[in-house]
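Keep the model open as you read.

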Amino acid sequence: MLKRLVKKVLPNSAVAAVNHWRTRERLYKSWSKAAAATPAYGDNHLTAFRIERSRQVVGQEESYVQTPADLLPAMDVPSGRFVDFGGSAGEMCAVLRKQFPAWSFTVVETKSMADAAQALRPGISYSDQLPAEFDVFYSSGTLQYLADPEQLWREALSRTTRYAYLARNSFSNRKLFTVQSSRLFDNGAGPIPEGFDNVQIRYPHQTISEASVRGIADEMGFDLAARFEGRNSGVTGTRTDVYGADLLFKRR
């Protein structure tokens, strides 16, 4: 009743302002502050759900996962080593493996996910550490959920011999630390498994500087081979100073 009364008394612009204030994104001073406000991203409940959901699409991953067409030219050699950093239970690697059977594929994930996923797709390697060397590094919508994405990016490039592709990025000119919320059923692809409730999942998130990403790549001996503007699938929230773009780098 009080809400209806407020709407009658206040002008529409004021009501809109109140609604915007109530749903605004809270900014934190640092990654550690944002992380302290949420449980760990790789918690057991989320891992169990993603594994069970992925189990239902084994052998038919191409019906649920589409590989980026822009990535395929990076795999223009007969064989190579492909790393998917943050590749969940390996659904995309399973699709690529059918197209490129002579290649090897490694998914780098949280330890709980890597340990649980290995039995699902034994033809793919899983680890919570980057391999010593690989030909193609791929990461989709993952760097923004790391405490130090720039350090990981630098380390990954130091081990990459040919191409690196960053998809579903969340870029801004200055770092913004927030807590992202989603429903459990929004995670992963495939039919919803039984035995799970659609609870809220919360995890820390930060934006990344595109200039910093490109600068590190240049220092590490990579040229920007292609930039695909307007790819906003990695952008969360409603802030207008956050944008997305996919980046493909090639070693000089």
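**The sheet and its helices**

An open sheet holds 7 strands in the order S3-S2-S1-S4-S5-S9-S8, and its pairing is mixed. Its edges are strand S3 (125–127) and strand S8 (222–229), each of which pairs on one side only. From one strand to the next, the twist averages 15°. Strands (E, at least two residues) and helices (H or I, at least four) are DSSP runs, numbered from the N terminus. Two strands pair if DSSP finds at least two bridges between them.

This is a predicted model: local features need pLDDT of at least 70, side-chain atom pairs count only at pLDDT 80 or more, and totals for chains, interfaces and linings use all residues. Residues are numbered from 1 along each chain as its sequence is written, and side-chain values use heavy atoms, with hydrogens and water left out.

Take strand S1 (residues 81–85) next. S1 pairs with strand S4 (residues 134–140) in the parallel sense, over 4 bridges. Asp84 stands opposite Tyr138 in S4.

Helix H5 (residues 91–99) lies across S1, strand S2 (104–108) and S4. H5 runs at about 160° to S1. Axes are lines fitted to C-alpha atoms, for helices over the stretch in contact, and angles run from 0 to 180 degrees between N-to-C directions. Contact means heavy atoms within 4.5 Å.

How do H7 and H8 cross? The axes of H7 and helix H8 (residues 210–219) come within 10 Å and cross at roughly 30°. H7 and H8 are therefore roughly parallel to each other (angles under 35 degrees count as such). Glu150, Trp153, Arg154 and Leu157 of H7 meet Ser212, Val213, Ile216, Ala217 and Glu219 of H8 in the contact.

Note on methods: Parallel < 35°, antiparallel > 145°, perpendicular 65-115°, else oblique.
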